[in-house]
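Student: Can you walk me through this structure? I'd like the definitions as we go.

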Amino acid sequence: MTKAVFQVGSSIAESYNFFLTHLSHFVRLAAGPFVLWIFFRGLEQILLNEYGIIFNTTYVISLITAAFALVWYRQFLLGAAHASYTRLVAQGFRGGNFSLIRLGRGILRIAVITLALVVPTILLSMAAIVFYQTDGSSFTQKELNELVLKCTFVVMALLSPLLIRLSLHSVGIALGRRNMKVTHVWQKTSGFTFALWMMSFRAFLPISLYAWVLSWMLREIVLKVEMHYLLAVLIVNVPSALLTFFMLAIVVAANAEAFRVLIGVRDGDAPHREDSGVPRVQPEQAAAGQAQ
C-alpha cells in the first residue's frame, strides 16, 4: 500500500464528515459518559460543600473519556455493531481470557510511558529550580506546583510528535489486534511524524481553545453570581463535557483515518470507507504485527 495518499486536510475533513453522518451514534455513545461526567462533578461538590470531604474526580473523568475514545475508534473502524461499552467491560477489545502475563505487560507499558514523561519533567524542574535560586529566590508550595506544571507542559510539547506516532498503536488495541507491536506502528509511520503532529494539532487545538475559553467565562460568571453550587456545576460542566466529547470524536476519527491509510485495514473494517480505493491488509500480510 502506498502511504503517499495520506493527507492532513483529508483526514480532518473525513473526521468531521464521519461525525456529521454518524451523529446518532455519537449521541448513543456519548450519553452515558456525559451523565457520569456530570454525576461525578456534582458528587465532588456535594462532598466538599456538605461534608467537607475533598474528592478529586479528574482521574475518574479521564477514564470515562478514555472509554468513549476507544468505542469511537471502534465505531469508525468496525461499525456500530462492534462499538459498545458492554463489549469493553465484559470482554475487553483484545478478546481472550484474563491472564497475569497480559496484566503484567499492560502494567509494564504504562510504567515505561510514565517514566518517559516523568523523568524528563523532574530533570527539567530541578534545572529550573537551580536556575531561579541562583539569585537567592525561594519558592512557595504553590509556585513549585506551577513550575512543575509548566515543565510538564514543555516536556509534553517536545515529545508530542513521537507520542502522536505511537498513539496509532491504541487504534490497534481498539481493533483487538492482539499481536500488533509498537515497532510495527513505528515503522509504518516513519516519515510522517510532522504530518501526524499537524493532523492532531489541527483537530485538537481549535475546539480545545474554544472549550477552555467558554469554561473559563462560565466559571467567572458563576463566581460573581450567587447561585446554588449544583446549578453552578451544571452551567460550567454541561457545555464543557459536550465540547470535550465532540473534540475527542474529531481527534479519534482523524487518528483512525491515519491508521486506515498508513497501517491498513482488513476486509470488513471501516465499512463506511469500503469504496475509498485504499488497499486492504490481508491476514497473511498482517501476520507480522496485525493478526487478530
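Tutor: Start with the elements: helices (H or I, at least four residues) and strands (E, at least two) are DSSP runs, numbered from the N terminus. R219, for one, lies in helix α8 (residues 193-224).

Student: What kind of model is it, and how are things numbered?
Tutor: This is a predicted model, in which local features need pLDDT of at least 70 and side-chain atom pairs count only at pLDDT 80 or more, while totals for chains, interfaces and linings use all residues. Residues are numbered from 1 along each chain as its sequence is written, and side-chain values use heavy atoms, with hydrogens and water left out.

Student: How many helices and strands are there?
Tutor: The protein has 9 helices and 0 strands.

Student: How do α8 and α9 pack?
Tutor: Their axes are 9 Å apart, at an angle of about 180 degrees. Axes are lines fitted to C-alpha atoms, for helices over the stretch in contact, and angles run from 0 to 180 degrees between N-to-C directions. α8 and α9 are therefore roughly antiparallel to each other. The cut-offs are under 35 degrees for roughly parallel, over 145 for roughly antiparallel, 65 to 115 for roughly perpendicular, and oblique for the rest.

Student: And what is that contact made of, by class?
Tutor: The contact of α8 with α9 has 22 nonpolar, 4 polar and 1 charged residues. Ala, Val, Leu, Ile, Met, Phe, Trp, Tyr, Cys and Pro count as nonpolar, Asp, Glu, Lys and Arg as charged, and the others, Gly among them, as polar.

Student: What about α1 and α3?
Tutor: The axes of helix α1 (residues 8-21) and helix α3 (residues 58-77) come within 12 Å and cross at roughly 90 degrees. That is why α1 is roughly perpendicular to α3. On the α1 side E14, F18 and F19 meet W72, Q75 and F76 of α3, where contact means heavy atoms within 4.5 Å. By class, this contact has 4 nonpolar, 1 polar and 1 charged residues.

Student: W72 again: which residues touch the most others in the largest nonpolar core?
Tutor: F68, W72, L77 and L196, out of 49 residues in that core. A nonpolar core is a set of buried Ala, Val, Leu, Ile, Met, Phe, Trp, Tyr and Cys residues joined through side-chain atoms within 4.5 Å. α9 gives the most to this core, with 14 residues.

Student: What does L77 touch?
Tutor: Leaving aside neighbours within four places in sequence, its contacts include V171, L175, A256, F259 and R260.

Student: Switching topic: how many salt bridges?
Tutor: The count comes to 2 salt bridges, each a side-chain nitrogen of Lys or Arg within 4 Å of a carboxyl oxygen of Asp or Glu. E257 forms one with R260, the closest N and O atoms being 2.7 Å apart. Both E257 and R260 are buried, and both lie in helix α9 (residues 229-262), 3 residues apart.

Student: And E44?
Tutor: E44 forms a salt bridge with R41, at 3.2 Å between the closest N and O atoms. Both lie in helix α2 (residues 23-51), about one turn of the helix apart. E44 counts as buried because its relative accessibility is 17%.

Key: Buried < 20%, exposed > 50% of the residue type's maximum accessible area, 1.4 Å probe, protein only.
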